[in-house]
Amino acid sequence: MKFPERSLVVEHFQEPPLEFAAKQRTAHPKDGLFLYGPLDKARRSQDVRVGVVGTPQGISHFKSWGKKIHCMIAVPPPARGEKADRLHLANFPGLEATFSISFDPDACSCLSIPLPDIDRASRILNLTEAVAKVAGLYVDRVKKHLANDERAIDLWIILIPEIVYERCRPESKRTGLPMVVGDFIKKQRGKEDLPLLAPVLDQSAEAIFEDMPDFHRRIKAEFLGIAPTQLIRETTIAPQEFLNRAGYPLRKTQDEATIAWNLATGLYYKTQPRPPWKLAEVRPGVCYIGMVYKALPADPDGHSCCAAQMFLNEGDGVVFRGANGPWKTGDNEFHLRPQAAKDLLAMVVETYKEEYGGPPRELFIHGQTYFNDDEWKAFVQAAPKETNVVGVRIRTTGGETKLFRDGDYPVLRGTALLLDERNAYLWTTGYVPQIDTYIGPETPNPLLIKALRSKKEMPDIRTILGDIMGLTKINYNSCNYNDGLPVTLRFAKMVGDVLTMGSARGAERQPFKFYV
């Protein structure tokens with residue numbers, strides 16, 4: 001297609017349909033699950049094995065909530081001045097009625113951790129050690145259980161009291177707390193008295209600094225070799241049990257029905273072999289890769305880790321751990337060395353062959369940076385002869401580009417401003433007629449899409465934009481109508497955060513569900 005000189009072409013992409021049980025289609029995950037059920041709907045309800053780790057109070061709240069989500073949960077009545085017909089909200093029909101799975105909250109493997117133990121560990125003077133100690137309370141409790149109980153657990157629920165959320169994140173403000181001296185400082189003080197043992201003490205004491213002081217990252221990293229996890233704050237499932245002095249909940253949460261939809265969707269996705277829905281019109285033989293780069297926090301040479309998130313036409317994903325190395329180059333962007341690029345892409349192609357019996361027809365690499373010549377040449381060489389490799393750069397924008405509908409209203413989601421054959425703005429957020437709203441705090445900003453390179457013929461920019469629209473609808477960790485970013489990039493930071501943890505001991509390739 002040729003574009004007229006000095007012209008801008010505006011087009012609209014229809015909402016990608018999703019497929020559910022019995023090959024039924026609809027655009028909204030909640031509608032599809034309510035009307036038809038998940039993609040692989042079982043004839044009989046299946047029990048899932050859930051393990052729960054938290055404080056006694058948190059476990060009690062989870063049991064109450066677990067019983068509640070097996071029943072219908074209605075959306076709250078509209079507030080004063082709010083529209084009665086709020087199509088973006090939906091009653092939750094119940095876990096078994098929606099997903100054909102269930103669990104008995106009273107029969108879960110419940111592992112209790114005393115809150116005073118968590119409180120003391122979270123007050124250790126060194127924040128990195130404090131986070132490691134708190135995470136260790138959870139991990140050690142699970143490992144001890146697994147050593148004595150052979151029953152497999154499909155999903156571990158990690159219940160987080162507010163003191164962990166407040167104290168165990170990077171740059172947590174712990175002012176005013178009575179602090180506790182941890183093992184690290186004690187060992188440092190002992191160096192003067194035991195100089196011959198100083199090297200040994202240094203090595204063991206400083207090992208904790210391989211990890212960032214972030215409880216969420218630490219738990220995800222530790223459980224890569226155990227089972228998928230779902231982290232839930234106690235205040236999310238029992239907001240009325242945690243009130244401030246004025247008698248209001250400590251934090252504002254979504255309504256109970258929306259929370260149930262999101263957590264139940266994640267519960268199904270992380271315990272079943274196939275996701276709850278898939279894209280109904282994905283082009284056959286296509287594979288999508290999201291490149292992940294993240295600086296290693298404790299590497300004196302400034303090395304980074306790399307990974308690839310692969311998503312197939314089923315929608316589910318696999319994370320491939322790449323090599324660590326000096327990937328941040330002089331242009332202040334990340335670029336793989338040729339051999340590392342070849343190895344990473346070879347793993348992706350091999351996995352695709354195992355799934356489909358042959359190589360992909362098209363392999364799209366989504367990234368937020370450019371591909372340099374050596375890196376791109378390596379990708380092309382690693383791909384089978386019949387596979388067309390396409391590099392696409394996707395970046396978020398600020399307020400420099402705006403479009404309005406009827407002068408004042410947000411544009412429709414799916415609106416695209418085509419700049420030329422290889423560049424376009426795409427609004428993946430915006431007004432959605434089906435739910436009669438635009439969910440966002442301000443006028444939506446577009447993604448800037450640039451088709452960079454292609455091994456063979458470059459696909460039409462419209463094909464690339466349509467694919468990206470579809471990839472905004474397969475976030476199985478929630479039950480939203482859509483995301484603003486395609487799944488290839490939506491979780492890139494989260495995956496990178498986990499992989500850069502020194503405690504991350506996962507496999508070279510692992511299901512995506514372990515990371516979210």
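## Helices α5 and α9

Helix α5 passes helix α9 in a right-handed crossing, a term used when the near helix is turned clockwise from the far one by less than a right angle, anticlockwise being left-handed. This is a predicted model, in which local features need pLDDT of at least 70 and side-chain atom pairs count only at pLDDT 80 or more, while totals for chains, interfaces and linings use all residues. Residues are numbered from 1 along each chain as its sequence is written, and side-chain values use heavy atoms, with hydrogens and water left out. Helices (H or I, at least four residues) and strands (E, at least two) are DSSP runs numbered from the N terminus.

Two packed helices are described by the angle between their axes and the distance between the axes. For α5 (residues 127–148) and α9 (residues 215–222), the axes come within 9 Å and cross at roughly 30 degrees. The axes are lines fitted to C-alpha atoms, for helices over the stretch in contact, and angles run from 0 to 180 degrees between N-to-C directions. The two helices are therefore roughly parallel to each other (under 35 degrees; over 145 is roughly antiparallel, 65 to 115 roughly perpendicular and the rest oblique). On the α5 side the contact (heavy atoms within 4.5 Å) involves V131, A132, V134, A135, Y138, V139 and K143, which meet F215, R218, I219 and E222 of α9. By class, this contact has eight nonpolar, no polar and three charged residues. Here Ala, Val, Leu, Ile, Met, Phe, Trp, Tyr, Cys and Pro count as nonpolar, Asp, Glu, Lys and Arg as charged, and the others, Gly among them, as polar.

## Helices α12 and α13

Helix α12 (residues 338–356) packs against helix α13 (residues 373–382) at an angle of about 35 degrees, with the axes 8 Å apart. The crossing of α12 past α13 is right-handed. From α12 the contact takes P338, A341, K342, L345 and A346, and from α13 it takes D374, E375, A378, F379, Q381 and A382. Sorted by class, the contact of α12 with α13 has seven nonpolar, one polar and three charged residues.

## Nonpolar cores

In soluble globular proteins, nonpolar side chains tend to be buried together. A nonpolar core is a set of buried Ala, Val, Leu, Ile, Met, Phe, Trp, Tyr and Cys residues joined through side-chain atoms within 4.5 Å. Buried means under 20% relative accessible area, exposed over 50%, and partly exposed in between (1.4 Å probe, protein chains only).

The largest nonpolar core has 79 residues, and those with the most contacts inside it are V50, F62, F92, F103, I449 and L465. Helix α11 (residues 256–271) supplies the largest share of this core, nine residues. Apart from this core lies another, of 30 residues, including F320, W327, A341 and F371. Leaving aside neighbours within four places in sequence, V50 is in contact with F62, F103, C108, S109, I153, L155, I157 and L267.

Helix α16 is largely enclosed by the rest of the structure, because six of its eight residues are buried. The buried residues are A492, V495, G496, D497, V498 and L499. Their cover includes α9, β11 (286–295), β12 (304–311), β13 (317–325) and α15 (487–490).

T500 is placed in the loop between α16 and β21. T500 is buried, with a relative accessible area of 4%. T500 and M212 are 288 residues apart in sequence and 8.5 Å apart in space, C-alpha to C-alpha. E508 is also found in the loop between α16 (492–499) and β21 (509–511), but at 53% relative accessibility E508 counts as exposed. Not counting residues up to four places away in sequence, E508 touches V319, F320, R321 and M347. Between E508 and L146 there are 362 residues in sequence and 23 Å in space, C-alpha to C-alpha.

## Other single residues

S122 lies in helix α4 (residues 115–122) and, at 0% relative accessibility, counts as buried. Beyond residues up to four places away in sequence, S122 touches A130, V134, R167, C168 and R174.

A22 has phi near 60 degrees, a positive value in a residue other than glycine. A22 lies in the loop between β2 (18–19) and β3 (25–26) and is exposed, with a relative accessible area of 65%. Phi of E171 is likewise near 60 degrees, positive in a residue other than glycine. E171 sits in the loop between α6 (162–167) and α7 (183–190), exposed with a relative accessible area of 70%.
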